[in-house]
Amino acid sequence: MAAVRTDQSGGGIGSVEVYYIEKKWEEGEEPFRQQEQDLIAVIGELLSTYVEKAAMEQARKEAEEKFEAISRSAQDAIIMMDSESQITFRSSAAENTLGYSKKGILGKGCHLLVPERYHKTIEKGRKKFKHTGSGAAIGKTLELAALRKDGTPFPIEISLSSVRIKHQWHTVAIVRDLSEQHQGRQQLMQSEKLAGIGTLAAGVAHEINNRWVISVPTSIQ
């Protein structure tokens, strides 16, 4: 006899076979009473449930390992927050970007990562996000200011998305430090500004020189 259980997709996940070896039975005879058959079926159900849970747990561990590998190799910081805006995950790059260790940031509110001027907007959006997983910033890439652990502000590019885990909405943020880009942009603007001043000064000097040349014969007369 075999007790078989199917998973949610309708496919079989295994079988349990039980053999009665104390006596040879003639063809057509049934070695197990109905009560024994029911017990075997229950045993098969329990075993298959255990196997299914073990497979799901293995799949979960493999998914976590893949996510960890991706987050470790990513140059941008990856941060995950729950529906209460509490930080539940941060990648290795986040420590270099923000200055917080893993123990120093997990369980903390995301408010400490941004200037105070953003706090009201975050709180307002959190209430809607908690129930719907949507918000004004979800699915967008924005340029904002962030705070390092020592309180130093710096420019960032942040991409936000939502994911549902255990019936709760979470936010996944990918954060890129724009400090070098902004510094290069400022240097370019400064160079362009100095070049403009130089051009203006050269033009003024040329104008003054022309006037001086024209005025010399007049003064001699």
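Predicted model: local features only at pLDDT ≥ 70, side-chain atom pairs only at ≥ 80, totals over all residues.
Select the five strands that form an open sheet, in the order β4-β3-β7-β6-β5, with antiparallel pairing. Now look at the edges: β4 (87-90) and β5 (141-147) each have a single partner strand, so one side of each is left without a neighbour in the sheet. Neighbouring strands here are turned by 35° against each other on average, ignoring direction.

**Next, β3 and β7.** Pick residues 77-81 for β3 and 168-177 for β7; they pair in the antiparallel sense over five bridges. For a landmark, show Ile-78 and its bridge partner in β7, Ile-174.

**Move over to β6.** Ten bridges join β6 to β7, and the two run antiparallel. Show Val-163 together with His-170, its bridge partner in β7. The hairpin of β6 and β7 has two residues between the strands, and Lys-166 there takes a positive phi near 50°.

**On to β5.** This strand is joined to β6 by seven bridges, again antiparallel. Leu-147 has Pro-153 as its bridge partner in β6. β5 and β6 form a hairpin with five residues between them, and Gly-151 in the turn has a positive phi of about 90°. While you're in this part of the tour, show Arg-148: it lies over the face of Phe-154, at 3.8 Å from the ring centre.

**Last stop, a helix.** Select residues 119-132, helix α4, which lies across β6 (153-165) and β7. Its direction is at about 125° to β7.

Conventions: Residues numbered from 1 in each chain as written. Heavy atoms only, no water. Pairing = 2+ DSSP bridges. Helix = DSSP H or I, 4+ residues; strand = E, 2+ residues; numbered from the N terminus. Axes fitted to C-alpha atoms, helices over the stretch in contact; angles between N-to-C directions. Contact = heavy atoms within 4.5 Å. Lys NZ or Arg CZ within 6 Å of the ring centre and 35° of its normal.
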